[in-house]
Amino acid sequence: MQEKTNSDLSKKPSFMSDQSYSAALRFLERLQKIDRELACYESGEKTFTLPVFFDEEIGKWTITTEFCTIGGCDMGILEFENETAAKLEAMYLSEKNVHPKSERACYPCYQEYMRDAY
Ligand SMILES: [Zn+2]
């Protein structure tokens, strides 16, 4: 006997109207599309345009959005409660072709640069 799960929508459940059944199918389709997209990133077929990693120091998943122009230090960090949330956001930003900015120096690097220059 096949076990029936809540996500099995191959047949319309008796409690659902035709309209809510087709809405549920569309919703499920969107979720499956997101899953397939994410799988492309997990397999390396696609790569995130921004670095996504677990930051041991703060104990959170992060996305780096900005680097210091002098030392390459992380300047802009988005923090997430879990890996999936971070990767979904990274996927969203990657699809929009968002890359980390690198337009300014962080304060310590800037200070060092000024000290060496003069
Ligand atoms: Zn720096």
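Two residues are in contact, in the sense used here, if their C-beta atoms, placed from the backbone, lie within 7 Å. By that criterion, among contacts in the protein between residues at least 6 apart in sequence, 53% join residues at least 24 apart. The structure is a predicted model, in which local features need pLDDT of at least 70 and side-chain atom pairs count only at pLDDT 80 or more, whereas totals for chains, interfaces and linings use all residues. Residues are numbered from 1 along each chain as its sequence is written.

The protein has 3 helices and 3 strands, where helices (H or I, at least four residues) and strands (E, at least two) are DSSP runs numbered from the N terminus. From the N terminus on, these elements run α-β-β-β-α-α. The radius of gyration, taken over C-alpha atoms, is compared with a globule rule of 2.2 Å times the number of residues to the power 0.38. The protein has a value of 22 Å, well over the 13 Å that this rule gives for 118 residues, so it is more spread out than a compact globule. Along the principal axes, the C-alpha trace spans about 80 × 25 × 25 Å.

The domain assignment, with bounds that come from an automatic or database source, gives domain 1 (16-46) and domain 2 (48-117). The C-alpha centres of the two domains lie 29 Å apart. Helix α1 covers residues 18-43 and includes D18. A residue is buried if 20 or more other C-beta atoms lie within 10 Å of its own, exposed if 12 or fewer, and partly exposed in between. With 8 C-beta neighbours inside 10 Å, D18 counts as exposed. The C-alpha atoms of D18 and E81 are separated by 37 Å, the two residues being 63 apart along the chain.

The strands form an open sheet of 3 with the order β1-β2-β3 and antiparallel pairing; two strands pair if DSSP finds at least two bridges between them. Because β1 (52-55) and β3 (74-80) stand at the edges with a single partner strand each, one side of each is left without a neighbour in the sheet. Neighbouring strands are turned by 45° against each other on average, direction ignored. Here axes are lines fitted to C-alpha atoms, for helices over the stretch in contact, and angles run from 0 to 180 degrees between N-to-C directions.

β1 pairs with β2 (residues 60-67) over 4 bridges, and D55 has K60 in β2 as its bridge partner. Helix α2 (residues 83-95) packs on the sheet, touching β1, β2 and β3, and its direction makes about 30° with that of β2.

Of the 118 residues, 8% count as buried. A nonpolar core is a set of buried Ala, Val, Leu, Ile, Met, Phe, Trp, Tyr and Cys residues joined through C-beta atoms within 7 Å. The largest such core has 6 residues: L50, V52, W61, I63, A86 and A90. The elements that give two or more residues to this core are β2 and α2. Beyond its neighbours within four places in sequence, A86 is in contact with V52, W61, T62, I63 and F80.

T65 also lies in β2 and is partly exposed, with 17 other C-beta atoms within 10 Å. Its contacts, leaving aside neighbours within four places in sequence, are L50, G76, L78, P100 and K101.
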